[in-house]
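Please look over the model shown below with the report that follows. The sections take up selected helices, backbone features and surface regions in turn.

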Amino acid sequence: MPPRSEDPRRDATGSRRGSSRGGEPREPGVGGISDARAYTPRGRTIREGGGAARTGVGGGAEQRRTPRSSRSGDPFRPALQVLDGGRVGPTRAGRRETAPGGRTGVVRTVSTRPAREPFDDDEPPPPRRRPGPRRPQRPAARRPSRKPRRPPRLGDPRRRLRLGTLLVLALFATIGIRLVFLQTVTTPAYADGGLPSRLATVELPAPRGAIYDRTGEPLAHSVEARYVYADPVLVKDRFATARLLSPLLGVSVSELADRMRQRTLPGGTTKSRFEYLARGVDVDRAKQIMALDLAGIGVHRDERREVPGGDLAANLIGFVSQDMVGLEGLEAKYDDLLEGQAGKKTYEIGRGDLAAPIPGGYSLTTPAKPGGSLQLTIDRDLQFMTQRILSTQMARTRGSVGAAVIIDSPTGEVLAQASYPGYNAADPEKVNSPRDREDAATSFIVDPGSIHKAITYGAALQEGVITPDTAFPVANSIREGDTVFRDTHPANGRTMSIPGMLAFSSNVGTIEIADKLGRDRLIDYQKRFGLGQATGEGMPGEAPGRLLPPDQWSGSSYGSVPIGHSVDATPLQMAAAYNAIANDGTYVQPHLIKAVIGADGKKTPSPPPVTRPVLSPQNAVALRTMLEAVTTVDGPDGRATGVAAAVPGYRVAGKTGTGLRYDNGVRQPGEVGSFIGMAPAEKPRYVVAVFVWSPGGEGGAVAAPAFRQIMGFTLQHYRVPPSATDRSPKFEVFPR
C-alpha cells in the first residue's frame, strides 16, 4: 500500500490541530466546520455517533469519530469534501448549537443542493489530488437547481432477438439455396470440368475390307499384326538392342541402330520419342520381342495386308501403304469403301497405380466400323492360268509388254485380266520400274492394226455396203493421199471374197470398202463399238483412247483409219468391241465389280452394265462366220494369218493384228502383235484378247499361240461342250 501522506494539520501525537481538545483555538477560516465529517453517498452530512454531539471530559468538545472518520490518512478525503460542496467558505459555514449544560457540539450541515440520485450523464468527479497543505477555500458558487434528466430508453431485447433470428435464418436459407443450385443445376458443369483429367481413350481399330474373287476366295485381306517401335531417349544401348532384334524383325543391325539413334525433331529442340522399327510383325514374333523386355522398345497393335496369291491379279488389285491406305489398283480406286472407320472407347480411370476403369464411372464407346469388301468378277483359277500362259509365251521376247483379257460374252464380266510383267502385291517395291505395276489391259495404248478391220466390215454389213457374198477384184496396192498401202498377201487383181479378205488381212480390199462406207459412218461405228472413251470397267486411271476427229483427217487417213492406224485404243476396248460381235451385235460394258459386301455381310450386286445395239443379230452372225476363215483357211491359195489360234474341237472366230505403240506421242520400236477371238463361234461364250508388244517385232508369233492356250483352258474350265457336230464352213478366198 502507498505510504500514508502526512497531514500537516496533525501534530506529533496524531491529533488534529485546532481541535477543541485542550482549549486550543481553531484554525482561522474553518468556519466552525468539523473536519471529522463522514461522507455518505447521498451527499448529506450527519452527526457522528447518531447525530448528537458528544461532550468530552474537562469541558472540551470531544468529537466521536466513526470508524470511517478515524482513518487519519484517508486519501479520498479531499475528494469527499469536494463532493460535499467544496471547501468550506463563509457562505456555507456551519452553525453551532448549544447543548444543554452549556456544551457546544459540532453539527454537520446538509448541502443546500437538492438531493438527487446520480445519473450516468453526470459529470465525472474531479481528479484526485495528492494530499498536501490545504489552501483557504473560496465559497462555492451556488448551483441553480435543475430538473433531473430522464434516463435513456433502453433497447427492447425481444426486438434484438427477433432481428438476430431473421438474419440467421436468411443466412442459412441463402446457403441452402446455393447448395441446391450447385448439386442440381450446375452439377454437370462442375463434373465435366474435372472430367478430362480422369478420362482415358483407347482406339478401337477397324479392319480393312477384303477383295474376293467371283467364288468368294480372298485375293487380298487384312490380318491382325503388331508394329515394333523404339523410344530413342529410353534405349540404353542401341547396338546391343539392334543385335537382339535383327533376327526377329529381319532388318539389318546397322539399320535398326540408326533408327534408334537420338535425334531432334525438325523445327525445334524436342527429341524424337517414337521411331518405327518394323510394321506388320506377326503376333507370335511380337510376343518374343516383348519377352526380351528391352528398354525403350514397345509393341502395339497393327494391321497387315495379305495377298495369298502373291502376284495373282496384282496389277488389278494394287497395294496399300503401311497405314492401310490404297495406293494403286482397286485398293486405291475403292479406298473409301474398303477403309474401315476406327472407333474409340473413352472411360474414367483412377490415378497413379489405379489407372483402371472406375466401375460406374463415365464411359462412352463408339464402335468401330469395319470396311466394306469387294467381290470381283475375276475367277482366281482362270486368272492364275492366264498369267502363267502369258508369262511363258512372253519369255520368248525381251523388254516386252503383254496383256490378256477374258470376257464372259453374255454378261460382260471380266473373268481374267493379266499383265506382263507382273509383281508381288505383298512386296510392291521390288519392281524394275513403276510401270511394271500398271494394268496393261487398261493403260497400254496402241494402234490396234488389223484387228480394227472387224469394225470396218461390221459397219459395212450393217449399212448394206457389202453382204457375206460380196466379192470384187483386189489390187496389190492402193494410194490414199500421199501414202501407198500394200497387202502382205498380194491378190494380184484377182476377185477376192470378204472371208478371204479377212483371212489374208487385205489392206487394199478393206480400204476400198471403207471408201464406199464413208468417213462419217465409219467414225460413228467406231464410237458404237466403244472406241474413243473409257469402258468404265472399274480400274483407276483407265485410258480413254482416241479417235481421229473428222476435221483432222488427211488424204492418207482414208487409208490408215480403216485398217486400224491413226486410232488409239486399249486391249480392253478392243476386247469389248469383239464381244459386241459375239453377243449378237449388242455392246455390253465390261466390268470387274460383281458385288459390294457391307460390314454386316449384306451383298449388294453392282448396277447392270451399260448395253447398246451396234449390229443386228443377223449381221453379227454373218460377221462371226466370216471371221472363222481367219483360223480355218489353209490351202493352195495360202494359209490364213490366225491358224495358230485355232482351238481343237471348237469353232473359233477372230482376227490377228499388227499395230504400233506410241508413248507420249512418240512411236516406239517394234510392233504390237495381237489376236482377239471368240468361241464357240456358233454361240460364243467367251472372248479372249491377247496383245504383245516387243521391240524386236515378235509379238505376232506370240499372240496367237497364247490365245489358243488361254481359250482352250477357259472352255475346259467351264466345261463348254465341243463344236464337233457343227463344224466351220468351207471358205473360198478367190471365188471363180
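## A covered helix

In this predicted model, helix H12, which spans residues 453-462, is mostly covered, with nine of its ten residues counted as buried. The buried residues are Lys453, Ala454, Ile455, Thr456, Tyr457, Gly458, Ala459, Ala460 and Leu461. The cover over these buried residues of H12 includes helices H13 (498-503), H14 (507-517), H15 (519-528), H17 (571-582) and H18 (617-627), together with strand S26 (653-663). Just after H12, the backbone at Gly464 takes a positive phi of about 75°.

Ser505 is not a glycine, yet its phi is positive, at about 55°. Its relative accessible area is 9%, which is under the 20% cut-off, and Ser505 therefore counts as buried.

Met324 is a further residue other than glycine with a positive phi, here near 65°. This residue lies in the loop between strand S8 (319-320) and strand S9, and Met324 is buried as well, with a relative accessible area of 11%.

Strand S9, which covers residues 326-328, contains Glu328.

When residues up to four places away in sequence are left out, Glu328 touches Ile317, Gly318, Phe319 and Arg437. The C-alpha atom of Glu328 is also separated by 9.6 Å from that of Met539, although the two residues are 211 positions apart along the chain.

## Cis peptide bonds

The peptide bond that leads from Tyr420 to Pro421 is cis, and its omega is near 0°. Pro421 is found in the loop that runs between strand S14 (414-420) and helix H11 (440-443).

A cis peptide bond also joins Ala679 and Pro680, in this case with an omega of about -20°. The loop that holds Pro680 runs between strand S28 (671-679) and strand S29 (686-694).

## A helix pair

Two packed helices are described by the angle between their axes and by the distance between those axes. The axes of helix H4 (residues 238-249) and helix H6 (residues 283-292) come within 10 Å and cross at roughly 170°. Because this angle is over 145 degrees, H4 is roughly antiparallel to H6. On the H4 side the contact is made by Leu244, Leu245, Leu248 and Leu249, and on the H6 side by Arg285, Gln288, Ile289 and Leu292.

## A nonpolar surface patch

On the surface, Leu171, Ile175 and Leu179 form a nonpolar patch, and their accessible area together is about 270 Å². Ile175 is found in helix H2, which covers residues 157-185, and its relative accessibility of 43% places Ile175 among the partly exposed residues. An α-helix has 3.6 residues a turn, so residues three or four places apart point the same way.

## The chain as a whole

The chain has 20 helices and 29 strands, and 43% of its 736 residues count as buried. Its accessible surface comes to about 39800 Å², with 53% of this area belonging to carbon and sulfur atoms. Among the contacts in the chain with a separation of 6 or more, 72% are between residues 24 or more positions apart.

How values were computed:
Residues are numbered from 1 along each chain as its sequence is written. This is a predicted model: local features need pLDDT of at least 70, side-chain atom pairs count only at pLDDT 80 or more; totals for chains, interfaces and linings use all residues. Side-chain values use heavy atoms; hydrogens and water are left out. Patches are made of residues with over 30% relative accessible area and no salt bridge: like charges are joined within 9 Å, nonpolar side chains (Val, Leu, Ile, Met, Phe, Trp, Tyr) within 5 Å. Accessible areas come from the Shrake-Rupley method with a 1.4 Å probe; for residues, only the protein chains shown count as cover. A salt bridge is a side-chain nitrogen of Lys or Arg within 4 Å of a carboxyl oxygen of Asp or Glu. Helices (H or I, at least four residues) and strands (E, at least two) are DSSP runs, numbered from the N terminus. Buried means under 20% relative accessible area, exposed over 50%, partly exposed in between (1.4 Å probe, protein chains only). Axes are lines fitted to C-alpha atoms, for helices over the stretch in contact, and angles run from 0 to 180 degrees between N-to-C directions. Angles under 35 degrees count as roughly parallel, over 145 as roughly antiparallel, 65 to 115 as roughly perpendicular and the rest as oblique. Contact means heavy atoms within 4.5 Å.
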